[in-house]
Amino acid sequence: MSQGRAISNPLTFRQRVTRPFCMVDTSSLRHLQDIYISHKDVREWLWVEFHTEVSEIVSDEISGQVSYMGQGGKLIRRRAQQNTRPLSGTIEQYHNAFSRIETEFKIRNIESLGRESGELQNFYAAVDVIRHGLHGHVIYLTDDESAQAFALDWLKPVRIGCVWSSHDFILYLFIRHRSRILADEAKAAMRTVNANASSGSEADKWLRKLSDYENRLNIVDRLISNLY
Amino acid sequence: MLSSVYGTDWNLLFLPEDPFTVVPPMEPSQAKWAGLKKLKGEFDGTFREALTSSRNQLVLNWGPYGAGKTHASVYFKIEQHMPGPIKERVAQIYTLSTRTPKEPGQAAFLLYSDLLEQLQMERIRGRIRTIRSEVGHDGALEILQNLTGSEALGRAIWLLGDEEQEQLQQLLNQYFLSGLSPSQLPKLGIGRSIRSSNDRFRILATIFQCFIGLSQDPKPASYNRVFLWLDEAEDLTLFRSREYTPFARGLRDLFDSLPRFFTMFVNFTLAEPRMEPIEVVLGKALIDRVTKYIYFEEPNCEEGVEYVRELLDQNRTDKDEFSSLGLPDTYPFTEDAVATLLEDLSPRTPRSIHSRCHDLVMRAFAEGLFREKGKGIINTEYVNSVYRNRLDSENA
């Protein structure tokens, strides 16, 4: 799938300084479905706020799962196809490079994710983007817990950015557009993300998560109220 | 599990069957309340108020998994388990219990149809007929239309009280439980179908009100009380906001529509003893209406021993023979053995107590400790040997 391709489309200086780079995976795009903030599909905000791309495997996954992407699924497919980031080498090269490393950090084995996972290829592509100087910071957006753990481990030595969940993205939108987004609107969005991510089970676990993020949202709300 | 030549005969322990089941009984008359006196006191106080005053109650029961919330909803389903005898009390009680629907997209419909089926259409017809005879046909129609806030829905409920016309009543069953096609509606003379979650909660509130009664007399004896148990409310976490909002609003409106002689128990499982997550899920509007919080606290070791003793005592068979043998109340355990068994148990909930007691008794059966009636006992040494062996094998 990944045959070494040249890095293309360098961004303008303005784009580089104003918009972080975001690698989003299929799980987050599914969990953010059917949420509208300021009359816009919340996933569209990914492309408004960030320079958002997907790896080739994620792009293929989205194409195969349009019917599970809710309303606006076709638009998301188009966005993903238009913003697919190829790896600069073959995927085997990346697998080999990452697998051979043994450091003081407890770095997770790539096999735990599956060698063909979109989350893994997203991470490799994110490393590429930084190495080639195309962006200054990566937001690795995924709701897959294994992928989050894998990325968090690797981000200890490989300081290219941060890991976000879909909950974090809603929180970001709220602080970014607090003047346009009501706290209740953001809380409703958070509830839906939480329900979508839960797949209808483990209420206790998702309750703790929802409660934690609603608490964070209240803090942001109070903070910004105090600032202005 | 040990394979053994020895059988499992609970009669040898003066017990009809295993009392340490980990799922609540289905049948309220078979449910027993053991120990947990403080918790029982909280419920007794709530029921005393419910039976003797008009105040509506929203009771939030919360606690960890296996703490006994669902058991309480089964146990208190029948009047014999409520405190009594009480003078100046409501005439009758109606207890309904349901769980938070597992299909959020149809939550209001599932809750509504479950409750109507528990009430039974025939019984609902009987109540409407009584009201029509008490206040007159026209008066009843007006009242029902006011209660539902809808001419069509009020009329549909009123029609349930029409004297037996089988075809009409079949159509009405269909209207309320599954819906009628637009071409069928004129046959009933009803302007519209049941459309929304809001409609369903209004119908429920009106029917509940009919069961409570429409008397103007201030005495509780002139009314009935409706108890509604909603179990597994933590599952509202799994509702998307578009599913959650109408459902939570419906519950709130249901409570607000029944200002007298209505009690709603909401069971909420939460491992941690903080309230904040509950408010996040139920919403501030509903939390503000809570009239009583009942926390299902884990019993301490002493309370745990008392719980086991009472549970065994309530299940004991051949009591005279049992007394003559001088066995402890905690038989098939010595009291010290129960204390040792529960000492390090975490969480020490009724479910985990049942589970640990069951495991140990089954092991003792398998090892041939109980071969004759009333002979053999689980003592502290036995408990220690089992748990030391288990620890040794875990560490090996």
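**Cavities and rings**

Tutor: This is a predicted model. The second largest cavity is lined by Leu58(B), Leu60(B), Val266(B), Leu282(B), Leu286(B), Ile287(B) and Val290(B).

Student: Which elements give two or more residues to that lining?

Tutor: They are β1 (57-63) and α12 (284-287) of chain B. By class, the lining of the second largest cavity has 7 nonpolar, no polar and no charged residues. The space in this cavity is about 30 Å³.

Student: And what volume does the largest cavity have?

Tutor: The volume of the largest cavity is about 40 Å³. Its lining includes Asp143(A), His167(A) and Trp206(A), and divides into 2 nonpolar, 3 polar and 3 charged residues.

Student: Changing topic, how many aromatic pairs are there over all chains?

Tutor: The whole structure has 37 aromatic pairs. One of them is the tilted pair of Phe98(A) and Tyr124(A), with 4.8 Å centre to centre and 45° between the planes.

Student: Why does that pair tie together parts that are apart in sequence?

Tutor: Phe98(A) lies in helix α6 (residues 91-100) of chain A and Tyr124(A) in helix α7 (residues 118-131) of chain A, so the pair joins parts 26 residues apart in sequence.

Student: Are these two residues buried or exposed?

Tutor: Phe98(A) and Tyr124(A) are both buried.

Student: What lies over the face of Tyr244(B)?

Tutor: Arg191(A) does, at 3.4 Å from the ring centre. In chain B, the charged end of Arg132(B) sits over the ring of Trp158(B), 3.8 Å from its centre.

Technical notes
Residues are numbered from 1 along each chain as its sequence is written. Chains are lettered from A and ligands numbered from 1 in the order in which they are written. This is a predicted model: local features need pLDDT of at least 70, side-chain atom pairs count only at pLDDT 80 or more; totals for chains, interfaces and linings use all residues. Side-chain values use heavy atoms; hydrogens and water are left out. On a 1 Å grid over the protein atoms alone, a cavity is a set of points where a 1.4 Å probe fits but cannot get out, and a pocket is an open set with protein on both sides within 12 Å along at least five of seven lines; lining residues have an atom within 4 Å of a point. Grid points are joined across faces, edges and corners, and a volume is the space filled by probe spheres set on the points. Ala, Val, Leu, Ile, Met, Phe, Trp, Tyr, Cys and Pro count as nonpolar, Asp, Glu, Lys and Arg as charged, and the others, Gly among them, as polar. Helices (H or I, at least four residues) and strands (E, at least two) are DSSP runs, numbered from the N terminus. Rings of Phe, Tyr and Trp (its six-membered ring) pair if their centres lie within 6.5 Å; planes under 30 degrees apart count as stacked, over 60 as edge-to-face and the rest as tilted. Buried means under 20% relative accessible area, exposed over 50%, partly exposed in between (1.4 Å probe, protein chains only). A charge sits over a ring if NZ of Lys or CZ of Arg is within 6 Å of the ring centre and within 35 degrees of the ring normal.
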